[in-house]
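Visitor: I have a structure to go through with you. Could we take it piece by piece?

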Amino acid sequence: MAPVSVAAFTDTYLPTVNGVSYTVQTWRDRWEDRGGTMRVVYPASDDYDPDEGEYPVRSLPFPMYEGFRLGTPHIPSAATDVDLVHAHTPFAVGLGGVRLARRKDLPLVTSYHTPTAEYADYLTSRPRVERGIERLAERYEQWFLSRADAVVCPSEDTRARVADGLDPDTPAVVVPNGVDIDFFGPTDPEPFRDRHNLPAGPLIGYTGRHGYEKNLSEFLRAAAGIDATVVVGGDGPARDDLEALAADLDLDARFLGFLPREELPAFYSALDAFVFPSPVETQGLVALEANACGTPVIAVDAGALSNTVESGVTGYHYDPGDVAACREAIDRVLDERAALSAACLDRREEMSVEHAVDELSALYERVVGKNRTRPVAE
């Protein structure tokens, strides 16, 4: 029997590369590999041509958040003949998914990828206004999630956070995003080192969005005094400030900018340690990608990273704000790199996207089955 057919609505998608766009694309590809249909509705961009089954809607750039586009809640007619709607984000395009589910009486699954309240500082620099925006965002987020028949959370920490505000009849279910372990695995890092002119010796680094909420300045301050080169991939609004801080700290730091996806396995493999100081993660997919390549992670002991990284096995934690403890954790990982790397590789199968899609499939089947048996409203 073929998997249920799905319309996935997301406010962020290619060409923007982040945890949400990567997850939506990867789940779609795996779903279709299994003989299913997953149509993707997303904000149009001049820099990306849609593949078959992808339906862009009109959009405008969002000036306060680089790389993000504001789509419309339009419902492409080609995306309506489905068994289930999955809204990955709570903004305009996600609302289009909610509208489709209500219009056609379809089961609705929503995902909690990112806490929207964490980004209030992109809209204002006034603390009082920021707190007001955060409260509004939290109330709206709760309303949006409560429209669903089930809420998908990428980690147990996120599930616990979300479940408190949900109606008891709306289950929050943990479905990890999963890592493509056929793609992310140990590889020869030397060509990558040569291409980016990286020196011999230990490399410690990070890749991903350079947002202020990621707290990357903590990583740079911790790196001061460590005999290693700092390698940072990605881009974002905090990049200029981070480069200035690295210069002030006299770090040997290389900011590589956006890295094409095909370079990421070599990037992770080249690092001796991946440092992840972000307290706002709902899973921390890049930490798992690094682990899949055999690279241990130093992570802040906050949010989902408290569980995503297993201390003493796939890396080490440090307390939020404790720069000295972060530095000690980096030193410890560098000392234990070989043993930690072997432990990371032993856990590759459990983090695979195939395992994640198995769980997603089971959830979809439960939700669709429940929808088919519920009484029809008179």
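Visitor: Which residues of H9 are buried?
Guide: In this predicted model, the buried residues of H9 are Leu285, Val286, Ala287, Leu288, Glu289, Ala290, Asn291 and Ala292.

Visitor: And how many of its residues does H9 have buried?
Guide: Eight of the eight residues in helix H9, which spans residues 285–292, are buried, and the helix is therefore described as mostly covered.

Visitor: What follows H9?
Guide: Gly294 follows H9, and its phi is positive, near 85 degrees.

Visitor: Let us turn to the aromatics. How many aromatic pairs are there?
Guide: The count comes to 15 aromatic pairs. One of them joins Phe183 and Phe184, whose ring centres are 4.9 Å apart. Their planes stand at 90 degrees, and an angle over 60 counts as edge-to-face, so this pair is edge-to-face.

Visitor: Is Phe184 buried or exposed?
Guide: Phe184 is buried, because its relative accessibility is 1% and the cut-off for buried is under 20%. Phe183 has a relative accessible area of 27%, so Phe183 is partly exposed.

Visitor: What sits over the ring of Phe183?
Guide: The charged end of Arg261 does, 4.2 Å from the centre of that ring.

Visitor: What about Phe274 and Phe276, how are their rings arranged?
Guide: Phe274 and Phe276 form an edge-to-face pair, with 5.9 Å from centre to centre and 90 degrees between the planes. Both residues are buried.

Visitor: Which residues do ring pairs link into a cluster?
Guide: The cluster consists of Tyr22, Phe183, Phe184, Phe192, Tyr206, Phe267, Tyr268, Phe274 and Phe276.

Visitor: Now the helices. At what angle do H1 and H13 pack?
Guide: Helix H1 (residues 19–33) and helix H13 (residues 353–373) pack at about 75 degrees, and their axes are 10 Å apart. An angle of 65 to 115 degrees counts as roughly perpendicular, so H1 and H13 are roughly perpendicular to each other.

Visitor: Which residues make that contact?
Guide: H1 contributes Thr26, Trp27, Arg30 and Trp31, while H13 contributes Val353, Glu354, Ala356, Val357, Leu360, Ser361 and Tyr364. The residues of this contact divide into seven nonpolar, two polar and two charged.

Conventions
Residues are numbered from 1 along each chain as its sequence is written. This is a predicted model: local features need pLDDT of at least 70, side-chain atom pairs count only at pLDDT 80 or more; totals for chains, interfaces and linings use all residues. Side-chain values use heavy atoms; hydrogens and water are left out. Axes are lines fitted to C-alpha atoms, for helices over the stretch in contact, and angles run from 0 to 180 degrees between N-to-C directions. Helices (H or I, at least four residues) and strands (E, at least two) are DSSP runs, numbered from the N terminus. Angles under 35 degrees count as roughly parallel, over 145 as roughly antiparallel, 65 to 115 as roughly perpendicular and the rest as oblique. Contact means heavy atoms within 4.5 Å. Ala, Val, Leu, Ile, Met, Phe, Trp, Tyr, Cys and Pro count as nonpolar, Asp, Glu, Lys and Arg as charged, and the others, Gly among them, as polar. Rings of Phe, Tyr and Trp (its six-membered ring) pair if their centres lie within 6.5 Å; planes under 30 degrees apart count as stacked, over 60 as edge-to-face and the rest as tilted. Buried means under 20% relative accessible area, exposed over 50%, partly exposed in between (1.4 Å probe, protein chains only). A charge sits over a ring if NZ of Lys or CZ of Arg is within 6 Å of the ring centre and within 35 degrees of the ring normal.
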